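Hi there,

Here is the structure I promised to pass on. Have a look through it first, and then read on for my notes.

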Amino acid sequence: MKKRINDWVDANKGEVIEFLQSIIRIPSVTGDEAEIQSYLTDFWNKECLETDLFVPDLEELKAHPAYVPVDVPNYDNRPNLLVKLPGNGGGRSLLFNGHVDVIPEGAAENWEHNPWSAEISDNKLYGRGASDMKSGVAAMTMAVLAIKRMGLKLKGDVILEYVMDEELSGNGTLACVMRGIKADAGICCETSSMCVQPGSIGRIWFEIQIKGKAAGIQTRFEGVSGIELGYFVTQLVSEYEKQRLETIRHPLYPNILESIPCMIGVFTSGTYASAFPDECVLKGSIATVPSEDSNSVKEDFRRYIVDKSKTNLWLAEHPPVVNYTGYFADPSEIPADSKIVQLLAANYEDFCSETAVISGRQGAADTRFLNTWGGTPTVIFGPGKTEQMHANNEWVDLSDYLDSIRILIATIIDWCGLEEE
């Protein structure tokens with residue numbers, strides 16, 4: 001079967017690369033997912049597979065405990081797409097999950113290649129979403145296409161989820177969960193640098209509001225500067241990160257320094273160049289590893305900031321206020337010895353002739369919905385490189401892309417089972 005898989009990918013190399021190029025050329029920035037979902041629906045309709053294009057109901061989502069708030073009135077014209085390759089019965093079902101939205105491309109001068117051109121240079125395919133995660137979306141699509149085109153008869157069903165709004169919330173995947181979509185196992189083809197990843201970190205966005213004392217610019221010595229207070233609290237956040245680095249451990253994250261950043265990303269103070277800055281707002285995020293309880297981390301961080309601020313005479317009487325707003329994701333994992341994890345690792349070794357790296361993803365992922373709420377134990381595996389997520393001049397290695405298709409084809413066969421020919 002390995003030779004047959006290799007032969008198919010080699011013979012169809014041009015088509016599978018052109019497919020990736022075609023979806024990168026659709027600028028599906030979060031909020032504008034309709035065109036790419038229509039393209040994918042047409043693609044699978046031509047292949048005579050069952051498709052289900054549906055718009056998530058925002059009001060229904062709000063009732064779910066895992067809902068992430070978004071600043072939009074509805075999800076009109078922003079559909080999810082479900083595709084099913086039915087098996088003949090008696091096998092295990094497999095779910096593929098991938099998001100079609102990408103972040104904005106940013107300034108044109110930051111790109112060596114046009115972000116929507118999908119140009120190829122030195123075996124790298126460039127474009128916004130090339131790694132995060134249209135190469136993963138294309139890989140899972142081409143793997144299922146290969147099964148169909150090769151005439152292989154699976155015992156178990158294969159389901160493809162193409163979801164919207166992953167970059168800001170993950171509510172697209174949550175909507176699929178609420179629709180009752182589930183399988184015996186899942187593969188999320190997010191960026192993993194070809195590592196097999198049974199776990200992903202969580203992410204908690206926070207905002208700290210700090211009030212100083214107003215004063216006129218001539219009597220500034222009577223005021224309390226929001227900038228100085230903000231700098232003091234920023235240092236406290238750094239100290240909190242150091243404390244976590246000394247105490248948090250997880251086997252999937254041996255390099256804990258890279259895995260659990262806790263930092264301020266936005267520092268806002270002052271309103272006018274010749275006015276005294278008496279307030280400050282800090283915005284940042286905390287990363288968490290699987291086995292940590294997000295609510296406990298939130299409370300611990302809040303307590304730490306308030307308690308340590310008491311060493312400042314002003315803040316002791318006017319403590320900073322910590323709020324949790326914006327993006328939120330729980331960490332998630334399945335056992336590293338799960339059958340689906342081991343199958344992926346074995347097929348990686350078979351096609352790449354080296355031992356698979358089993359690690360934790362250093363980014364949040366929609367697997368949290370599938371594992372916790374969807375009844376589908378899901379592993380992460382994709383061709384996109386982790387360091388290319390949201391990067392300027394983003395690219396994916398085409399060798400990784402082609403290898404990932406081979407590995408996914410083999411894993412579908414091993415997991416779902418084949419009817420005897």
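Strand E5 (residues 124–126) and E17 pair in an antiparallel fashion, with three bridges between them. Please keep in mind throughout that this is a predicted model. Within that pairing, Lys-124 stands opposite Asp-397 of E17. The open sheet they belong to has three strands in the order E4-E5-E17, with antiparallel pairing. Its edges are strand E4 (120–121) and strand E17 (395–397), each of which pairs on one side only. As background, strands of a sheet are held to each other by backbone hydrogen bonds, in either a parallel or an antiparallel arrangement.

Next, a strand on the inside. Strand E8 (residues 196–200) is largely enclosed by the rest of the structure, because five of its five residues are buried. What does E8 pair with? One partner is strand E15 (residues 358–361), which E8 joins in the parallel sense over three bridges. There, Val-196 has Ile-358 of E15 as its bridge partner. E8 is also joined to strand E14 (residues 332–333), this time antiparallel and by two bridges. In that pairing, Gly-199 stands opposite Glu-333 of E14.

Now to the rings. How many aromatic pairs does the structure hold? There are seven aromatic pairs. One of them is formed by Trp-205 and Tyr-327, whose ring centres are 6.0 Å apart; their planes meet at 55 degrees, so the pair counts as tilted. Trp-205 belongs to strand E9 (residues 202–211), while Tyr-327 is in the loop between strand E12 (321–323) and strand E13 (328–329), so this contact ties together parts that are 122 residues apart in sequence. Trp-205 is partly exposed, at 42% relative accessibility, whereas Tyr-327 is buried at 12%.

Another pair brings together Tyr-240 and Phe-301. Their ring centres are 5.1 Å apart and the planes stand at 65 degrees, so this pair is edge-to-face. It too links distant parts of the chain, with Tyr-240 in helix H7 (residues 226–247) and Phe-301 in helix H9 (residues 294–309), 61 residues apart. Elsewhere, ring pairs connect Phe-19, Tyr-39, Phe-43 and Trp-44 into a cluster.

Ile-227, Tyr-231 and Phe-267 make a nonpolar surface patch of about 310 Å². Of these residues, Phe-267 is found in strand E10 (residues 262–269).

Best wishes

How values were computed
Residues are numbered from 1 along each chain as its sequence is written. This is a predicted model: local features need pLDDT of at least 70, side-chain atom pairs count only at pLDDT 80 or more; totals for chains, interfaces and linings use all residues. Side-chain values use heavy atoms; hydrogens and water are left out. Patches are made of residues with over 30% relative accessible area and no salt bridge: like charges are joined within 9 Å, nonpolar side chains (Val, Leu, Ile, Met, Phe, Trp, Tyr) within 5 Å. Accessible areas come from the Shrake-Rupley method with a 1.4 Å probe; for residues, only the protein chains shown count as cover. A salt bridge is a side-chain nitrogen of Lys or Arg within 4 Å of a carboxyl oxygen of Asp or Glu. Helices (H or I, at least four residues) and strands (E, at least two) are DSSP runs, numbered from the N terminus. Rings of Phe, Tyr and Trp (its six-membered ring) pair if their centres lie within 6.5 Å; planes under 30 degrees apart count as stacked, over 60 as edge-to-face and the rest as tilted. Buried means under 20% relative accessible area, exposed over 50%, partly exposed in between (1.4 Å probe, protein chains only). Two strands pair if DSSP finds at least two bridges between them.
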